[in-house]
Amino acid sequence: MSKTILLNHSNWHFTKENPGIPAAVMGETVALPHTWNAVDGQDGGNDYYRGTCWYTLALTKPAIPAGGKAVLQLDGAAMTAVIYLNGEKLAEHKGGYSTFRVDRPTTSKRKNLLAISVDNCDNDTVYPQRQTLPSTAAFTGI
């Protein structure tokens with residue numbers, strides 16, 4: 001049996017500052033889902049911010065039954081994300097808006113700092129990206 005603890009409306013913090021791996025919660029309070037391009041991404045200027053931003057959350061260790069494990073699920077972080085717990089890199093995900101999971105170490109402390117860097121820079125190796133399509137296309141031999 002599994003138990004889900006939603007973190008969407010928790011006390012997340014967001015910053016565009018790039019301090020390296022954060023050692024403490026930093027930035028403005030936000031609720032997930034969140035986008036930092038809500039205004040500049042819609043003004044028609046194609047000049048919205050691209051770069052690495054940070055989400056941080058003070059996280060209490062969940063009660064894990066014997067033989068159980070904790071898994072962090074993110075339902076999207078465009079375009080690449082790196083997940084840290086107490087400064088230790090847990091995982092990296094490339095894939096824009098796809099859901100991914102990260103095993104949480106059972107050795108975590110009672111109080112923890114979850115930090116997620118999200119980078120929305122143009123990256124031709126990460127799907128989806130805006131691409132120029134050919135003017136015509138056809139499938140043959142189907």
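How many disulfides does the count come to? The count is zero, in a model that is predicted.

**View 1. The cysteines Cys53 and Cys121.** A disulfide needs two cysteine sulfur atoms within 2.5 Å. The cysteine sulfur closest to that of Cys53 belongs to Cys121 and is 9.2 Å away, so the distance is too far for a bond. Cys53 is buried, at 0% relative accessible area, whereas Cys121 is partly exposed, at 31%.

**View 2. The surroundings of Asn120.** Asn120 lies in the segment after strand 8 (111-119). Its relative accessible area is 7%, and Asn120 is therefore buried. A polar contact of 3.1 Å joins the side chains of Asn120 and Asn37. Leaving aside residues up to four places away in sequence, Asn120 touches several others, including Trp36, Tyr49, Arg50 and Met79.

**View 3. The ring pair of Phe14 and Trp36.** The whole structure holds four aromatic pairs. One of them is Phe14 with Trp36, a stacked pair with 5.7 Å between centres and 20 degrees between planes. Phe14 belongs to strand 1 (residues 12-15), while Trp36 is in the loop between strand 2 (28-30) and strand 3 (52-60), 22 residues apart. Phe14 is buried at 5% relative accessible area, and Trp36 is buried at 12%.

**View 4. The ring of Tyr49.** The planes of Trp36 and Tyr49 stand at 70 degrees, with ring centres 6.4 Å apart, so this pair is edge-to-face. Both residues are in the loop between strand 2 and strand 3, 13 residues apart. Tyr49 is partly exposed, at 28% relative accessible area. Over the ring of Tyr49 sits the charged end of Lys16, 4.6 Å from the ring centre. Ring pairs join Tyr49 with Phe14, Trp36 and Tyr55 in a cluster.

Methods
Residues are numbered from 1 along each chain as its sequence is written. This is a predicted model: local features need pLDDT of at least 70, side-chain atom pairs count only at pLDDT 80 or more; totals for chains, interfaces and linings use all residues. Side-chain values use heavy atoms; hydrogens and water are left out. Buried means under 20% relative accessible area, exposed over 50%, partly exposed in between (1.4 Å probe, protein chains only). Helices (H or I, at least four residues) and strands (E, at least two) are DSSP runs, numbered from the N terminus. A polar contact is a pair of N or O atoms within 3.5 Å; within protein, one must be able to donate a hydrogen and the other to accept it, and residues adjacent in sequence count only if both atoms are side-chain atoms. Contact means heavy atoms within 4.5 Å. Rings of Phe, Tyr and Trp (its six-membered ring) pair if their centres lie within 6.5 Å; planes under 30 degrees apart count as stacked, over 60 as edge-to-face and the rest as tilted. A charge sits over a ring if NZ of Lys or CZ of Arg is within 6 Å of the ring centre and within 35 degrees of the ring normal.
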